[in-house]
Structure formats: structure tokens, C-alpha cells
Amino acid sequence: MRRRRAEKRESSPDPKYNSQLLGKFMNMVMERGKKSISEKIVYGALDIIKEQIKDKDPLEVFKQALENARPLLEVKSRRIGGATYQVPLEVKMDRGQFIAMRWIRDFARNQKGKPMRVKLAEELMNAYKREGMAMKKREDTHKMAEANKAFAHFKW
């Protein structure tokens with residue numbers, strides 16, 4: 001028998017823009033508990049975005065980039081009668097945001113030869129323009145879900 005669900009903890013908003021979403025993203029970028037470095041990286045990336053896209057607020061660009069990269073469907077493996085099926089499921093809002101943040105962070109980290117703030121700014125601007133690796137990953141995830149929609153009746 002399962003125990004009760006853990007209650008959601010609210011993450012603290014970031015100091016500059018007072019945005020909870022940005023605070024959550026900073027915690028995600030952070031390595032080995034070094035929050036000040038993570039703040040420098042994220043704020044540096046937002047400053048670069050401010051220079052590149054002059055008519056938009058960098059926080060709005062960040063939010064729109066996350067919204068564009070957020071998957072609406074994903075596949076989960078289900079074992080039914082000895083066979084494993086990839087069952088497409090709808091993604092809840094907070095999980096979708098988490099996945100989008102993770103994709104943007106990971107694709108920025110995997111680029112080589114530039115400072116992290118530059119790589120992060122590029123990945124965010126690409127997601128804002130609906131291009132780049134995070135958007136490709138989202139499209140691939142949606143295609144996978146579409147290809148396996150015959151197994152949608154296995155979701156419960």
C-alpha cells in the first residue's frame with residue numbers, strides 16, 4: 001500500500017526579478033551548492049538576451065522560451081502481459097516546465113568552447129524563436145507519443 005503524497009514545497013523567488021520560475025531555474029543550473037555562481041550564469045544569460053533582443057524584457061523571453069520548449073505529451077513504459085508498451089500520456093504543467101528547464105540546461109551544458117552564460121543565452125533565445133536543440137527534443141517526444149497513440153488505452 002502506498003503512503004500519502006509528499007506536499008509541494010514552494011521554491012524561493014530570485015532576488016533580482018522576484019520570479020519563482022527563475023529561482024527554480026537557478027537551483028537547477030546550480031552545481032555542488034554554489035548558488036552565487038549559478039546566479040551569475042543565469043543573470044549573465046539574461047543580460048545577453050537583453051542586448052540581443054532589445055524590444056523585449058529578458059524575463060518575458062525566458063518565460064516564452066520555457067513555454068515553447070514545454071512538452072505536452074510524453075511516453076512512459078508500461079509492462080502488460082510480458083510486453084512493454086510505450087504509452088503516451090499528457091504532461092502536467094509543472095512537470096512540463098521541469099522537463100523544458102532540464103532540456104535547456106543540458107543542451108547548453110553540452111555545447112563546447114563558450115562560457116556557460118553565453119551557451120545558456122543562446123539556448124534560451126533559440127527556444128524563444130522555436131528552434132534549437134530543446135525544440136527538436138520536444139518535437140521528437142511528440143512524434144514518439146503520436147507514433148504510439150495506439151497504446152493510449154493502456155494509460156491509467
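**View 1. Arg 32 lies in the loop that joins helix H1 (20-29) to helix H2 (35-52).** Helices (H or I, at least four residues) and strands (E, at least two) are DSSP runs, numbered from the N terminus. This is a predicted model, in which local features need pLDDT of at least 70, side-chain atom pairs count only at pLDDT 80 or more, and totals for chains, interfaces and linings use all residues. Residues are numbered from 1 along each chain as its sequence is written, and side-chain values use heavy atoms, with hydrogens and water left out. Most residues other than glycine have a negative phi, whereas the phi of Arg 32 is positive, near 55 degrees. Arg 32 counts as exposed because its relative accessibility is 78% (exposed means over 50% relative accessible area, buried under 20%, and partly exposed in between, with a 1.4 Å probe and protein chains only).

**View 2. Arg 130 is placed in the loop between helix H5 (116-128) and helix H6 (133-147).** The phi of Arg 130 is also a positive value, near 60 degrees, in a residue other than glycine.

**View 3. Helix H4 has buried residues, among them Trp 103, Ile 104 and Phe 107.** What covers the buried residues of H4 includes H1, helix H3 (58-69), strand E1 (73-80), H5 and H6. The contact between H4 and H6 is described in the next view.

**View 4. H4 and H6 pack with their axes 9 Å apart, at an angle of about 130 degrees.** The contact (heavy atoms within 4.5 Å) is made by Trp 103, Ile 104 and Phe 107 of H4 with Met 133, Ala 134, Lys 137, Arg 138 and Thr 141 of H6.

Definitions and conventions
Axes fitted to C-alpha atoms, helices over the stretch in contact; angles between N-to-C directions.
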